[in-house]
Amino acid sequence: MTLRSRFTLFTVFWLIFILILYNIFVYFFVIRVTTRGELQLLSNKANLVIESLRKQGLRGFEDPKLLSEMYNYNEMMRIVTGDVRVVNEVGTDPELLSIPPQMQVYNQTETRQINGQRVLYLSVPFFDQGHLIGTVEAARRLTVLDSYLQILLGALSVTSIGAIVFAIFGTYWFTSRLTGPIGQMVQTMREIDRSGKLYRVKLNGREESVELQQMVRAFNQMIDRLDRTIEHQKHFVADASHELKTPLTVISSYADMLKRWGRDNAEVRDEAIEAISKETERLQNLIRSMLTLAEAEQDNWLNVSRFDVTSVVRELSEVLGKTFEREIRVHSDHHSVNMKGDKDKIRQLLLILIDNAIKYSKEPIDVRIRNQKSGIKLEVTDYGIGVPDSEIPYMFDRFYRVDEARHRKTGGSGLGLSIAKKIIDIHEGNVEVYSKPGNGTTISIMLPRKI
Ligand code: ATP
Ligand code: MG
């Protein structure tokens with residue numbers, strides 16, 4: 001069932017329920033109020049008759065004037081005395097006259113049904129020094145009242161049906177407006193599914209509800225994000241193939257050279273073998289970095305544990321220092337600094353930063369660990385070539401190298417810092433770069449104590 005039909009049905013049933021309750025209340029309230037009025041009228045008449053009787057000294061019950069002055073069309077009045085004998089009576093309605101007379105010591109009022117019509121019946125006793133003398137009885141047909149009630153019933157029905165019809169059309173129209181953008185979104189999704197292209201949902205700028213505006217906005221944000229991701233991937237594939245092409249071209253041209261002159265010329269052979277081996281190594285590094293980056297894109301990438309950052313830094317610095325024969329100084333204000341995170345990834349992050357420091361400087365390198373209130377700060381400082389201010393924002397981009405010509409010598413793929421950035425992001429940390437060309441570079445990373 002559509003949202004629109006459900007909403008309309010719900011509103012209509014709810015309205016019908018409320019109207020039924022309301023009509024029942026109004027109907028019975030009107031009956032009660034009007035019947036009470038009629039009863040009051042009848043009881044006044046009976047009391048007047050009794051008063052007149054008292055004035056006459058409780059004699060002359062048969063006096064026709066007693067009742068005829070009070071008599072009204074549609075009514076019956078009589079005086080009953082002694083052994084339940086009707087001594088005086090007025091009225092023309094045989095049905096009212098056929099009501100059996102009664103003698104009782106208490107007032108009685110009731111509404112009776114005679115031939116399907118309501119009749120109000122009243123009996124008031126009168127006494128002489130505590131002895132029951134007789135009763136005055138009165139009855140009245142409620143025909144006029146009933147016809148008014150019929151009119152009321154008709155009016156209530158007509159207004160209720162009108163309200164329901166209005167409610168059906170109103171709700172239908174309103175929900176159509178409400179669900180319009182949803183339909184539009186579904187259509188856009190189908191269009192995306194069919195064509196494989198990403199489309200945004202356009203808001204008509206009408207007075208759409210806040211929730212719907214939020215939904216459309218969230219949908220469009222998702223589309224934008226997907227769009228950016230796809231665009232990013234396209235760029236990555238283009239960049240990666242470009243990066244792979246260069247070493248492959250070098251390898252293939254040296255292989256050609258080997259084929260032609262390699263057999264006779266030892267010098268050419270050695271040069272070609274050397275170049276091919278170097279380019280193959282570069283290719284291997286490049287592919288390794290690309291795989292790491294691809295792996296980093298996956299969500300469940302973290303393997304969280306508690307570990308001591310200083311020991312990781314010390315161990316890594318020692319290994320790299322020995323391998324590259326460079327001095328790497330570790331400074332820490334605490335003997336051990338514990339954090340919760342992925343130990344291997346943090347090690348990889350430090351390796352990328354120290355590797356850059358080694359590649360782009362000749363002086364000793366400083367690594368600092370600071371245990372701060374807001375988290376753990378790791379700083380890698382070198383005193384090498386530095387990076388111009390204008391290049392700093394792009395350093396973390398994929399395949400980005402500040403100096404293309406220089407990179408052939410150092411052999412970097414330009415992926416190191418983009419992997420580092422991923423590791424920092426996934427640990428919810430942040431990074432800052434301070435650098436001056438010719439003076440050196442400091443890369444400062446702030447990591448939360450736990451994630
Ligand atoms: P890879 O690390 O993938 O082998 P790479 O070192 O060239 O290659 P990144 O680590 O991403 O790539 O660094 C990007 C660029 O930023 C480098 O090419 C270099 O130009 C510049 N850069 C990074 N660190 C430093 C540094 N400490 N000093 C000077 N320049 C740096
Ligand atoms: Mg690097």
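**Surroundings of ligand 1**

Tutor: In this predicted model, a nitrogen atom of ligand 1 lies 2.8 Å from an N or O atom in the side chain of D382. An oxygen atom of ligand 1 is 2.7 Å from a backbone N or O atom of L417, and a backbone N or O atom of G416 is 3.0 Å from an oxygen atom of ligand 1. On its own, ligand 1 exposes 590 Å², of which the protein buries 94%. Two elements, α8 (343–359) and α10 (416–426), each give two or more residues to the shell around ligand 1.

The shell as a whole consists of 18 residues. D382 and L417 are among the closest of them, as are N356, S413 and G414. Sorted by class, the shell holds seven nonpolar and seven polar residues, together with four charged ones.

As for the setting in the chain, the protein is divided into domain 1 (3–149), domain 2 (210–294) and domain 3 (301–447). The centres of domain 1 and domain 3, taken over C-alpha atoms, are 103 Å apart.

The model also has an open sheet of five strands, with antiparallel pairing and the order β2-β1-β5-β4-β3. Its edges are β2 (85–91) and β3 (108–114); each has a single partner strand, so one side of each is left without a neighbour in the sheet. From one strand to the next, the twist averages 20 degrees. Within this sheet, β1 (residues 75–81) pairs with β5 (residues 131–141) in the antiparallel sense over seven bridges, and M77 stands opposite A138 in β5.

Technical notes:
Residues are numbered from 1 along each chain as its sequence is written. Chains are lettered from A and ligands numbered from 1 in the order in which they are written. This is a predicted model: local features need pLDDT of at least 70, side-chain atom pairs count only at pLDDT 80 or more; totals for chains, interfaces and linings use all residues. Side-chain values use heavy atoms; hydrogens and water are left out. A residue is near a molecule or strand if one of its heavy atoms lies within 4 Å of it. A polar contact is a pair of N or O atoms within 3.5 Å; within protein, one must be able to donate a hydrogen and the other to accept it, and residues adjacent in sequence count only if both atoms are side-chain atoms. Accessible areas come from the Shrake-Rupley method with a 1.4 Å probe; for residues, only the protein chains shown count as cover. Helices (H or I, at least four residues) and strands (E, at least two) are DSSP runs, numbered from the N terminus. Ala, Val, Leu, Ile, Met, Phe, Trp, Tyr, Cys and Pro count as nonpolar, Asp, Glu, Lys and Arg as charged, and the others, Gly among them, as polar. Domain bounds come from an automatic or database domain assignment. Two strands pair if DSSP finds at least two bridges between them. Axes are lines fitted to C-alpha atoms, for helices over the stretch in contact, and angles run from 0 to 180 degrees between N-to-C directions.
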